[in-house]
Amino acid sequence: MKDKMKENYTFCYKVNRSDELLNFLLGKMPLSRNAIKSLLTDHKVLVNGAMVTKFNYPLAKDDEVKISRFPIKAEPLKTRKKADIDIKRLIIYEDEQFLAINKPHGLLSVQSDKERECAYGYATAYLQKKNPQGRLYILHRIDKETSGVLVFAKDIVIHSKLKGHWNDDIAMREYYAVVEGRMENKSGTITSYLKENRNNMVYVAKGKDGKKAITHYEVVKENDKYSLLRVCIDSGRKNQIRVQMASLGHPIVGDDKYGTGLGPLKRLGLHASRLDFIHPETKESLSLVAKVPQSFYALFK
């Protein structure tokens, strides 16, 4: 399946600095200006998984640009089976520079090769109803099965300032997690080094071989089967909480990647509840909060 996906694209680029799409492609591709313009007009260029035709489309650091072998249909986002996405109900904060939502579990943060429906797409559609020329810039992502705070920048300058030292500007990354069993220690700090293998599985490496990950936790509620934890992380590594909890023998419920996949919530028991960061221009602290799902607490009544 992966090989087939690769065959659909001739080029894939990661953006390192702000630029316009046509100018970026001219600097990357061994093609003439007219040939690159044809790729755009023929609907063969994607940015973050979405088809783009504008020559002056603004690019930001960490955007992903792909060239498709075949024209991409500008189909509307598919409606979810369970319920329609009403982005207005999901918004937890919005001003002229930021848009933050409480992302539902089961929804990608950003489109992938296999799936177009994503929070970024819905949020962009919402923004462009008010301003057809507007676009959102990706500051961070959370796992598809994780719910909670997801924030986008509306301004490319703000995005560039934040992405340059994102980890330094983040004052708090708070999560709530339901894990299997009772925790031996009711609070603690997990420090480990994480690596990713060829199958995209993250694991705890031996010694200091890998990216350092620091996670603080405390038990909020517990019973004979499960524990509800408040978790704060100092580093935002891929699958960090899921991997580290599993390494302690207490995987997150519903985690079919690092745990048993079993659990009473019928979803992954992980929620990004709060994100605090320093505004790069005003230097004021923004605290974005997404209420913890009631189903997490209901297990302990």
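This is a predicted model: local features need pLDDT of at least 70, side-chain atom pairs count only at pLDDT 80 or more; totals for chains, interfaces and linings use all residues.
View 1. Residues are numbered from 1 along each chain as its sequence is written, and side-chain values use heavy atoms, with hydrogens and water left out. Leu21, Leu22, Phe24 and Leu25 are the buried residues of α2, buried being under 20% relative accessible area, exposed over 50% and partly exposed in between, with a 1.4 Å probe and protein chains only. Seen down the axis of α2, these buried residues fall within an arc of 160°, so they line one face of the helix; the arc is that of the directions from the helix axis to the C-beta atoms.

**View 2. The packing of helix α2 with helix α3.** Helix α2 (residues 21–28) packs with helix α3 (residues 33–41) at an angle of about 125°, and their axes are 10 Å apart. The axes are lines fitted to C-alpha atoms, for helices over the stretch in contact, and angles run from 0 to 180 degrees between N-to-C directions. That angle makes α2 oblique to α3, because angles under 35 degrees count as roughly parallel, over 145 as roughly antiparallel, 65 to 115 as roughly perpendicular and the rest as oblique. On the α2 side the contact is made by Leu21, Leu22, Leu25 and Leu26, and on the α3 side by Arg33, Ile36, Lys37 and Leu40.

View 3. Ile36, Leu39 and Leu40 are buried in α3. Seen down the axis of α3, its buried residues fall within an arc of 100°, so they line one face of the helix. Among the elements that cover these buried residues are α2, β3 (45–47) and β6 (64–68). After α3 comes His43, whose phi is positive, near 65°.

**View 4. Met245 and its contacts.** Met245 lies in helix α8 (residues 240–247) and is buried, with a relative accessible area of 0%. Leaving aside residues up to four places away in sequence, Met245 touches Val179, Ile190, Tyr217, Leu229, Val231, His250, Pro251 and Ile252.

Conventions
Helices (H or I, at least four residues) and strands (E, at least two) are DSSP runs, numbered from the N terminus. Contact means heavy atoms within 4.5 Å.
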